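Student: Could you help me learn to read the features of a protein model? I would like to go through them one at a time.

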Amino acid sequence: MPALIAFCAVGLLLAFPIGYVWARRPAGAQSATAARLRAARAQLDRTLGPAGSFVVFLGAGTFLVTAVCLPLGELCQRLLRAHDVPMFDLAQRHVRPGVWTDAMNVITQSGNVWPTRYVAVAGVVVLTLVALKTGRRPWVPALLIGSVTAVERFQQTALAALVDRGHPPTTLGTYPSGGCARLISIYGAITLVTLSYLKAAPRVRAAVWGGLAAFAFLEGYTRWYLSKHWITDVYAGWIYGYLLLGVAVFAGWSLLAERTDGEPPGDGEQEPLRAASVG
């Protein structure tokens, strides 16, 4: 048990700085491909409008995420005996009832279906009121957060059915971990809109995204610790969640890049894509 607690502590200590540093990476780290995608997005913004551009990029990105996660599921299948079963047995041998396990049972609920939906609805309501008060488009929070919630729900279900790898003998949790994916993508979408509306400084953005990365690690740890998933399901949930969040961030910039002074952003402006890339 002490070793499992130490593993959690080390993971949390590593997850936050990794997320922080990634979010704070220099603007020069943008690749030529990213620059071309941004130019395409700007063109679509002018042609289809913000909502149309968002839908196009979200749809295209969702297709690419599926193309990555299907073969990833097959890889996870092949790691069942070599990695999943030994890690499952490790948890089963060492987990004992007590304060730590009780805490894990509480924390793991943050990624459950209904808690994430309640948080999404609350986020939409609060951020819509903020948008109305600040003169922004009031439909943006509902469209962005609602779209991410819906895509995650149906895409994760489809991936589970297509990969069909089964589940541990203790629960029905399967590929990919929905708890991890929901926490990263839905909470991440809320974080994206919130930071944009607050016009948070780069350090604040980086600290918040680093905190989300640590929270995502903790959620995955609870899913493995409580034997709710094979551990490769957890890895896949992290990967899927961050990929979906990356797509939502890139597409969502079309909705969030509102100008109140009629001027385009300066060269030094940090768009949400950079601040949100934590994984």
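Student: Which residues form a nonpolar patch on the surface?

Tutor: A patch here is made of residues with over 30% relative accessible area and no salt bridge, with like charges joined within 9 Å and nonpolar side chains (Val, Leu, Ile, Met, Phe, Trp, Tyr) within 5 Å. Areas come from the Shrake-Rupley method with a 1.4 Å probe, and for residues only the protein chains shown count as cover. In this case Val121, Val125, Val126, Leu129, Val130 and Leu132 form the patch, with about 530 Å² of accessible area together. Val126 is found in helix H5 (residues 113-134); helices (H or I, at least four residues) and strands (E, at least two) are DSSP runs, numbered from the N terminus.

Student: What should I know about the model itself?

Tutor: It is predicted, so local features need pLDDT of at least 70 and side-chain atom pairs count only at pLDDT 80 or more, while totals for chains, interfaces and linings use all residues. Residues are numbered from 1 along each chain as its sequence is written, and side-chain values use heavy atoms, leaving out hydrogens and water.

Student: How many salt bridges does a search of the whole structure find?

Tutor: Side chains of opposite charge can pair when their charged atoms come close. The search finds three salt bridges, each a side-chain nitrogen of Lys or Arg within 4 Å of a carboxyl oxygen of Asp or Glu. One of them joins Asp84 and Arg165, with the closest N and O atoms 2.8 Å apart. Asp84 lies in helix H3 (residues 80-94) and Arg165 in the loop between helix H6 (140-163) and helix H7 (178-198), so the pair ties together parts 81 residues apart in sequence.

Student: And the overall make-up?

Tutor: The protein chain has 10 helices and zero strands.
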